[in-house]
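Hi,

Here's the structure I said I'd pass along.

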Amino acid sequence: MSTTEDRLAIIETCTRMAWHADQREWDRLGEVFADSVTLDYTSLNGGEPAVLTPAQIVEAWSGLLGAFDATQHLITNHLVTVDGATALCTASFQATHRLANPFGSPLWTLGGTYRFDLARSDGAWKISAVVMTTTWADGNRNLMSLAAGNG
């Protein structure tokens with residue numbers, strides 16, 4: 001594979017993570033991940049990064065994101081560095097979550113950056129780590145609790 005082909009495949013893999021989640025294509029979502037994935041959403045939720053299997057990610061995201069009326073994760077400004085069978089992709093994101101509720105705005109939008117670590121596996125690029133760094137938010141953060149069934 002050429003560097004250009006690798007870069008395009010890496011960007012598509014990262015884009016598919018958002019696309020499959022937003023389209024509720026849970027069976028396809030797991031395809032973008034390596035066998036073990038480190039997820040770091042500590043900038044938003046605190047705590048510690050988690051190491052999960054693709055099945056565990058799909059179960060968690062389908063339960064939480066699937067509870068929203070709609071979500072839209074936009075990922076752009078990809079910067080890709082390929083080093084043999086591993087790669088790093090950084091990108092900007094904007095994620096909008098919609099959930100009708102009687103007690104406030106139905107929207108919560110976040111913005112920031114993603115860092116994706118990827119590894120080539122059987123000729124395909126798979127995400128082995130995601131670090132989400134939230135730099136801004138707008139709207140009703142309580143929607144996350146409502147979607148999780150805690151509100």
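Before the notes, one term: a pocket here is an open set of grid points, on a 1 Å grid over the protein atoms alone, with protein on both sides within 12 Å along at least five of seven lines. Also keep in mind that this is a predicted model.

With that in hand, the second largest pocket holds about 170 Å³ of space. It is lined by 13 residues, and Thr13, Arg16, Glu31, Ala124 and Trp125 sit closest to its centre. Helix 1 supplies the largest share of that lining, 5 residues, and strand 6 (124–139) gives at least two. By class, the lining comes out as 5 nonpolar, 3 polar and 5 charged.

Now the largest pocket, at about 520 Å³. There are 28 lining residues, with Tyr41, Leu44, Asn45, Trp61 and Leu64 closest to the centre. Helix 4 (54–64) gives the most, 4 residues. Other elements supplying at least two each include helix 1 (3–22), strand 1 (33–40) and strand 5 (107–121). This lining is 20 nonpolar, 6 polar and 2 charged.

Trp61 turns up again in the largest nonpolar core, which has 36 residues. Trp61 is among those with the most contacts inside that core, along with Met17, Phe33, Tyr114, Phe116, Leu118 and Ile127. And what does Phe33 touch, leaving out residues up to four places away in sequence? Its partners are Met17, Pro54, Ile57, Trp61, Lys126 and Ile127.

Cheers

Terms used:
Residues numbered from 1 in each chain as written. Predicted model: local features only at pLDDT ≥ 70, side-chain atom pairs only at ≥ 80, totals over all residues. Heavy atoms only, no water. Core = buried A, V, L, I, M, F, W, Y, C linked by side-chain atoms within 4.5 Å. Buried < 20%, exposed > 50% of the residue type's maximum accessible area, 1.4 Å probe, protein only. Contact = heavy atoms within 4.5 Å. 1 Å grid on protein atoms, 1.4 Å probe; cavity = no way out; pocket = protein on both sides within 12 Å on 5 of 7 lines; lining within 4 Å. Points joined across faces, edges and corners; volume = space filled by probe spheres on them. Nonpolar A, V, L, I, M, F, W, Y, C, P; charged D, E, K, R; others polar.
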